[in-house]
Amino acid sequence: MPADDLVSIVMPVFNAEAFLAKALHSIKTQSHTNWEVIIVNDASVDASDGISRDWARQQVQRVELLQNSCRQGPGYSRNRALNKATGELIAFLDADDIWKPDRLAAGIEHFKRSKNLGVSYGRIIGIIKADGQKAGAIRLESSFSLPQLLWEGPHSASNVMVLKAVLESCAQSGCYFDESLMHTEDSELWWRIAAQSPATIESIDKHLLDYRVYGSSGGDIEKQIEGKILALQRAKAYIPLIIEEYGRLSLASTYRYLSRREIAMGAPTKAWPLIKKAVELDHRLLWISGVKTWSTLLAASLFHLFGCKDKEVC
């Protein structure tokens, strides 16, 4: 654990005017107050920049605002912020997510008591809709092996705190996140850390994040799948045998995640074909994380067969 408990918070922002103020407020209300935040506006065309500037002027802590001249994506934006970070601990928060008030304090305590810890994540994630309405919760595994990270993981960069030294030890060509990836760039980084660093990836048994989900378009689903395929291709360079054995399972888990997202949003018309595709792609999904798969199959099939409108019943 670093002697200095300064936490550098990295926030990429793209057209987030509807949610940004709440995300920033969740930083302001942290019980741990020794933080700095680096906000990177990824060429937003809405009021995000003005919201960020107004908020920054009200803070005592260091806030640095960076601007991308054109859309570069979350990987580039996070890398740019990381190069400005002065803390030895890094926390990520996306502009539409919300931290619980003890998020930073819980992470710092975790690093203090776990000698070999490199990546810390909250085990319980609340799911909220675009309007802030609760849509359930996710309970993650307490820790992950490298193969497990291909089909499970911390779920979101917003749920992670990491030692900057660990990031630096696994950087590629001076970059932490792979800037060619517009999706799954955070998962690919966790894979690389697990493959190349002796540091552990472990959880705190707490609810530290509310993660926002949206209804998806066909194009969004295709981009998510394409992003996962590209990330798996990148990972072949450093874990070829693991990708050979578990790559299809990893891709199948993405189809399952997308199906579960549709169900959580109460817009399940795509849920059945997505979970059906997941199981067809790799039958091991039925017994590896099997409860999650079978519950998704049940809910999606009820929606599909009977048009059930109440996701709590389904």
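Student: Is it a left-handed or a right-handed crossing when α9 passes α10?

Tutor: Heads up, this is a predicted model: local features need pLDDT of at least 70, side-chain atom pairs count only at pLDDT 80 or more, and totals for chains, interfaces and linings use all residues. Residues are numbered from 1 along each chain as its sequence is written, and side-chain values use heavy atoms, leaving out hydrogens and water. Helices are DSSP runs (H or I, at least four residues). A near helix turned anticlockwise from the far one by less than a right angle makes a left-handed crossing, and the way α9 passes α10 is left-handed.

Student: Are α9 and α10 roughly parallel or roughly antiparallel?

Tutor: The axes of α9 (residues 240–264) and α10 (residues 271–281) come within 8 Å and cross at roughly 165 degrees. Angles over 145 degrees count as roughly antiparallel. The two helices are therefore roughly antiparallel.

Student: Which residues of α10 make the contact with α9?

Tutor: Contact means heavy atoms within 4.5 Å. From α9 come residues including R248, L251 and Y255. On the α10 side, they are A271, L274, I275, K277, A278, E280 and L281.

Student: Is A95 buried or exposed?

Tutor: A95 sits in the loop between β4 (89–92) and β5 (98–99), strands being E runs of at least two residues. Beyond its neighbours within four places in sequence, A95 touches M11, P12, V13, A16, F19, L20 and A23. Buried means under 20% relative accessible area; A95 has 5%, so A95 is buried.

How values were computed:
Axes fitted to C-alpha atoms, helices over the stretch in contact; angles between N-to-C directions. Parallel < 35°, antiparallel > 145°, perpendicular 65-115°, else oblique. Buried < 20%, exposed > 50% of the residue type's maximum accessible area, 1.4 Å probe, protein only.
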